[in-house]
Amino acid sequence: MAKFPLLPGLAAAIMIGGELVLEHDDTDKIEVDHEDPSVAEYQVSRTKSVYIEAKTGEQFGVRLEVTGPLGHAKMVYTKLIFEVWVDGIAAGKAFCGRPFFKNGGVTWEYTMKGVTKGKGIKCKLMNFLFAKIETNSDNSPMDAIKRQAQRLQKKGTIEIRVYNGDYGRKGGDTPGTSEGFFKRGSVNVPEKALKGQAKSHGTSLSEARKAKRGAVFRCKKKDGDDYPLAIFKFIYRSQEVLKQLLVIPRTPSPSREPTPEPEELIDGLTAAQHAQIQSLVRQFASENVSSAKKIKQEIVEIRGLASRSGHASKRSKGNNGNAEVVVIEDDSDDEDGIPAPAPALAPGSQQAGLFVD
């Protein structure tokens, strides 16, 4: 609830569906249009202003409350007069008197749900409803647009003025009027008529139904119309407009994963592809080395067998009686696969694998 700091115990709120509406502080400078600067300054100092969200077609009520420390058996004010203005229209009044607390009351509460008309069994209630304001590009004559702008000037506001009143006399006409409210759940107005004002809703009234009229008094305001004890101002807008006005934060856009920068290519391949190829090359080289060592070991073993079996045979007599020498040579290649060079021959000798003297 909006509470007035200069009078602790005095509060007001807007209710929808039996629940208090969430309020957002109005951080803008409060302005009061009055011909007397001193009166305007006083009213600014007595104003509590907040924003609330409006949804098309929803019923709402104005909740008023007085409790301690303001409200008690010896309350300084004989009677508090609450005047409720919706879209600049006098919608009704409520009265909180000192006798309520003298009789043991602790918290005085009252909810104004709409405009009441008639008396007794003829009394009827028309509930408050939020109505949508839509705009068009109609190029009406400037005089017509100015008149429309004047009617829209106070749309979108609910104001409660609290006065110091005398006890007065019980009875009188039912306060409030139904004239001036929107006739339908939505209205279409020229965009120029809003003069750039971010307004989304006004108030309309429901069909009349039977209701019980509350207590009505004919009271005088001790300090006059210009000097209320407190002013509560509720500025109602759609959620979208409240975001545009930065009253409530905008819905953040869904976060996106950052797009990775393209990898630098080397010879047409990425770094990861190069690493994979190098790994395969190392694996292939390792396997080749292992195979080469195995082949070399087999060559060494073959040479060992050949060296043990290869030798010069004993000399034997040839058919001519001369000695015959048979030389058996190891014809295998060396480790590098290159044939060993033949030994140097003495001058005048002949090279032969098999010769006879």
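Two strands pair if DSSP finds at least two bridges between them, and the strands themselves (E, at least two residues) are DSSP runs numbered from the N terminus, as are helices (H or I, at least four). With that in hand, welcome to the tour. This is a predicted model, in which local features need pLDDT of at least 70 and side-chain atom pairs count only at pLDDT 80 or more, while totals for chains, interfaces and linings use all residues. Residues are numbered from 1 along each chain as its sequence is written, and side-chain values use heavy atoms, with hydrogens and water left out.

**Stop 1: the open sheet.** Select D25 and look across to β5, where V50 stands opposite. You are on β4, which pairs with β5 (residues 47–53) in the antiparallel sense over two bridges. Now widen the view: the open sheet has six strands in the order β4-β5-β18-β12-β7-β8, with mixed pairing. Its edges are β4 (24–25) and β8 (89–97); each has a single partner strand, so one side of each is left without a neighbour in the sheet.

**Stop 2: strand β2.** Next, select residues 10–16. Seven of the seven residues of β2 are buried (under 20% relative accessible area, with exposed over 50% and partly exposed in between; 1.4 Å probe, protein chains only), so this strand is largely enclosed by the rest of the structure. L10, A12, I14 and I16 point one way, and A11, A13 and M15 the other.

Which strands does β2 pair with? One is β1 (residues 2–3), antiparallel over two bridges. These two form a hairpin with six residues between them, and G9 in the turn has a positive phi of about 110°. Another is β6, antiparallel over six bridges; there, M15 has G61 as its bridge partner. Two bridges also join β2 to β3 (residues 19–20), again antiparallel.

**Stop 3: aromatic rings.** Show F60 and F128. Rings of Phe, Tyr and Trp (its six-membered ring) pair if their centres lie within 6.5 Å; planes under 30 degrees apart count as stacked, over 60 as edge-to-face and the rest as tilted. By this rule there are twelve aromatic pairs. The centres of F60 and F128 are 5.2 Å apart and their planes at 15°, so the pair is stacked. This pair links distant parts of the chain, with F60 in β6 and F128 in β11, 68 residues apart.
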